[in-house]
Amino acid sequence: MTLSDLFGLEGRVALVTGGSRGIGLMIARAFARHGARVYISSRKADACHQAAEQIMSEGGVCHALPQDVASVEGARALAHAFSAREGQLDILVNNAGAAWGAPIDIFPENGWDKVMNLNLRSPFFLTQALLPALRAAAAVRPAKVINIASVDGLRVSSNETYSYQASKAGLIHLTRKMATSLIADNICVTAIAPGAFASELNRAARDDLASVLPMIPAGRIGSDEDMQAAALYLAARSGDYLVGTTLVVDGGVTSAAG
């Protein structure tokens, strides 16, 4: 078996939510570069189309499906739009996410609900809505669902991001539960728990390296290639025997915590 057999995605179809920027765009670019036909979704239509055009200009195949998946109706609308174009889905990456920070005394209900809906409820109901397409792909080879969690779901962060930390911890456990159910359908459900990667969601890693780097044993933030390698490993043949696994990609942060 060659490296391309193990890690290539030739002929596969992938959908990445939150795919117009940050970690989602990193993953979408890697999938397209390694042979997948990629669909990306994000709430902002212009950004979604621009990201798809960027990937196409790099030689990949990518299509934009703008949609806000924070509601169950939005998740189902995205699944419907995808299914109108493709008969099967090999790889679903549930990456769309949000964070909210506020002191515990004044943490708002809308900040709690927004984060929980997008980070925890959306991955479940989007996967549910796409089960027919995932099962169609899984009739040939294992289909993949990859949930993007966080190291903040594995450790207690000092940031007052209560709903974010709770949602990511919940997503890690949900990954295990979904995995034990869906493996019977030849669908492998896994997760990635990223540490510090520069993005709009992690502005400290992007804009304040002086405060972030001392907490990372590896001495650097994650690169595009670090995230892309992890996602490819889970998405390709290499990840076919991983069920319920959360792959921690953090430069040693959780190992050193406490």
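One definition before the sheet: two strands are counted as paired if DSSP finds at least two bridges between them. What you see is a predicted model.

On that basis, seven strands make up an open sheet, with parallel pairing, and the order across it is E3-E2-E1-E4-E5-E6-E7. At the edges are strand E3, residues 61-64, and strand E7, residues 246-249; each has a single partner strand, so one side of each is left without a neighbour in the sheet. From one strand to the next, the twist averages 20 degrees.

Take the pairing at E3. Strand E2, residues 37-41, runs parallel to E3, and four bridges join the two. Within that pairing, Arg37 is placed opposite Val61 in E3.

Helix H5, residues 109-129, touches strand E1 (13-17), strand E4 (91-94) and strand E5 (143-148), and its direction makes about 160 degrees with that of E4. Helix H10, residues 224-235, also packs on the sheet; H10 touches E4, E5, strand E6 (187-194) and E7, with its direction at about 165 degrees to that of E6.

H5 has a helix partner as well. How do H5 and helix H7, residues 162-182, lie relative to each other? Their axes come within 9 Å and cross at roughly 15 degrees. Angles under 35 degrees count as roughly parallel, and H5 and H7 are therefore roughly parallel to each other. The crossing of H5 past H7 is right-handed. On the H5 side, the contact residues include Trp112, Val115, Met116, Leu120 and Phe124. On the H7 side, they include Tyr162, Tyr164, Leu171, Leu174 and Met178. Sorted by class, this contact has 13 nonpolar, six polar and one charged residues.

Finally, the single residues. Most residues other than glycine have a negative phi. Asn186 is not a glycine, yet its phi is positive, about 65 degrees. Where is Asn186? It sits in the loop between H7 and E6. Its relative accessible area is 28%, and Asn186 is classed as partly exposed, because that class covers values between the 20% limit for buried and the 50% limit for exposed.

The other residue is Leu209, which belongs to helix H9, residues 209-212. Leu209 also counts as partly exposed, at 36% relative accessibility. Its C-alpha atom is separated by 8.2 Å from that of Ile221, 12 residues apart along the chain.

Methods
Residues are numbered from 1 along each chain as its sequence is written. This is a predicted model: local features need pLDDT of at least 70, side-chain atom pairs count only at pLDDT 80 or more; totals for chains, interfaces and linings use all residues. Side-chain values use heavy atoms; hydrogens and water are left out. Axes are lines fitted to C-alpha atoms, for helices over the stretch in contact, and angles run from 0 to 180 degrees between N-to-C directions. Contact means heavy atoms within 4.5 Å. Angles under 35 degrees count as roughly parallel, over 145 as roughly antiparallel, 65 to 115 as roughly perpendicular and the rest as oblique. A crossing is left-handed if the near helix is turned anticlockwise from the far one by less than a right angle, and right-handed if clockwise. Ala, Val, Leu, Ile, Met, Phe, Trp, Tyr, Cys and Pro count as nonpolar, Asp, Glu, Lys and Arg as charged, and the others, Gly among them, as polar. Buried means under 20% relative accessible area, exposed over 50%, partly exposed in between (1.4 Å probe, protein chains only).
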